[in-house]
Amino acid sequence: MDQIELMGLGTEMRNPDTMNLDEMSPMEIISAMNREDAGVVAAVAETLPQVAQIVVFATQSLRLGGRIIYIGAGTSGRLGVLDAVECPPTFGVTDQEVIGLIAGGEGAFVRAKEGAEDDEAQGGRDLDAIGLTSRDTVIGLTASGRTPYVLGALRRAREAGCRTAAISCNRGARASALADAAVEVYTGPEVLSGSTRLKAGTAQKMILNMISTASMVGVGKVYQNLMVDVRQTNQKLVCRAEHIVMQSTGCTREEAAQALLEAGGEAKPAVVKLLLDTDIENARRLLERAEGSVRRAVAD
């Protein structure tokens, strides 16, 4: 990336309100950060139509047996990996349905490998390594909008016939030209110049929350506003599953525990069983016919 071009990006500019950051007290520093963060929500709000389009693409991919693939470098890449790994326990999907790729590989999540982002060809190779197909939606994450690794990945995804999306934090991002849905959430100069783990990272995290949550709602992983596909992987989630069944049906804790036992720990068939006063086998049949949607299963 040209140095003049880089320094002209909003994410790289100096913030005039924090020029004396090194002279501020702790309270003054965090107050300045809080004031800056207040503008992130408004910046994200301006991009909601584009975010909604990404959700449409992602939902279609999941319905067709494809995947949501986040790919990025540095903080952006870590945020994608974070969102991906939280989907299985929250929504009951496998770890192959939402995937996060980061420049430098898995080790870069815990130890920065900053030079890895400059390898444009590696972005495409990393997608090929996970068996990229045209059913997938590939979402490039790049605060600058110009990270070579992400640009290479988006080019490869387009060659494969994937739906592509880009989430950047600058206007006129190069990544946008390679995306079917382009989000340019302009968060402006950081409190600490160039530190895009701050406002830019917060904005990207908010948008990723929207994409994964709304997509999972779209494929029936939610009933009302409850995580009916939650996995009981620890004691807290065992208790949560019981509460979900209770809140969905109005049953007692004992009835919820029994229904979950009969359902092998799966909340969805337990909920349908209790709402329709049927057996687990029929509840599973109804859910299959309703493509996993509890609301449709109990309405049919």
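Select threonine 11 to begin: with a relative accessibility of 1%, this residue counts as buried (under 20% relative accessible area, where exposed is over 50% and partly exposed lies in between, with a 1.4 Å probe and protein chains only). The model is predicted, so local features need pLDDT of at least 70 and side-chain atom pairs count only at pLDDT 80 or more, while totals for chains, interfaces and linings use all residues. Residues are numbered from 1 along each chain as its sequence is written, and side-chain values use heavy atoms, with hydrogens and water left out.

Threonine 11 sits in the loop between α1 (3-7) and α2 (26-45); helices are DSSP runs of H or I with at least four residues, strands runs of E with at least two, numbered from the N terminus. Show next the residues that threonine 11 touches, including Ala143, Cys169 and Gly188; contact means heavy atoms within 4.5 Å. Then select asparagine 170, whose side chain makes a polar contact (2.8 Å) with that of threonine 11. Such a contact is a pair of N or O atoms within 3.5 Å; within protein, one must be able to donate a hydrogen and the other to accept it, and residues adjacent in sequence count only if both atoms are side-chain atoms.

Move on to the open sheet, five strands in the order β2-β1-β3-β4-β5 with parallel pairing; two strands pair if DSSP finds at least two bridges between them. Its edge strands are β2 (98-102) and β5 (181-184), each pairing on one side only. Select residues 137-142 and 163-168: six bridges join these parallel strands, β3 and β4.

Notes. Lists of a residue's contacts leave out its neighbours within four places in sequence.
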